[in-house]
Amino acid sequence: MENIVVRYAKNSDYDMVEVLMKQVQQMHVEWRPDIYKMGATVLTKGIYKKAVAEKNFLVAEVEEMVVGLLFFYVYHRENDSSVTRDVLFVDSMAVHENYRGQGIGHALFDYVKVVAKEKHIAAIELSVNAKNVDAMAMYRKYGFGEKSITMEMVVE
């Protein structure tokens, strides 16, 4: 898709962003109802406004409609047993269900990669639900690889 515009989010984008966040939350609820639940709000306005003010939230538009989002933060890793570095962590990424598979995710990652380079970030990291095979395939296709795997044992 050629007409994708990626930009920093504005406060006025909140309602459409929340629609996308609810779509992703619904998938998580279906996969793991023992962990996730649907609520009135997935992303509070307070957290969103803070991320917008700190320029940690990107949106993708097609024909002036928000169809994708990427919420990130940067953390500094420094300790005696690892190399000191800054990492950009993708907290949330979503593409509207009607626009998946059309390059929106790649456009968002292209943009955040530029942001990371400008900030001299060493790596971009993210977590993905193990049942989200479509997202994992897209991340791998883009160049992400496994760094660690979180495992779980449910205690009954």
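Mentor: Let's begin with β3 and strand β4 (residues 82-95), which pair in the antiparallel sense over eleven bridges. Strands here are DSSP runs of E with at least two residues, helices are runs of H or I with at least four, and both are numbered from the N terminus; two strands pair if DSSP finds at least two bridges between them. This is a predicted model, where local features need pLDDT of at least 70 and side-chain atom pairs count only at pLDDT 80 or more, while totals for chains, interfaces and linings use all residues. Residues are numbered from 1 along each chain as its sequence is written, and side-chain values use heavy atoms, leaving out hydrogens and water.

Within this pair, Tyr 75 has Val 87 of β4 as its bridge partner. Two residues separate β3 from β4, and the two strands form a hairpin.

Now look at the other partner of β3 (residues 65-79): strand β2 (residues 57-62) pairs with β3 in the antiparallel sense over six bridges. Here Val 59 is bridged to Leu 69 of β3. These strands also make a hairpin with two residues between them, and Glu 63 in the turn has a positive phi of about 50°.

What lies against the strands?
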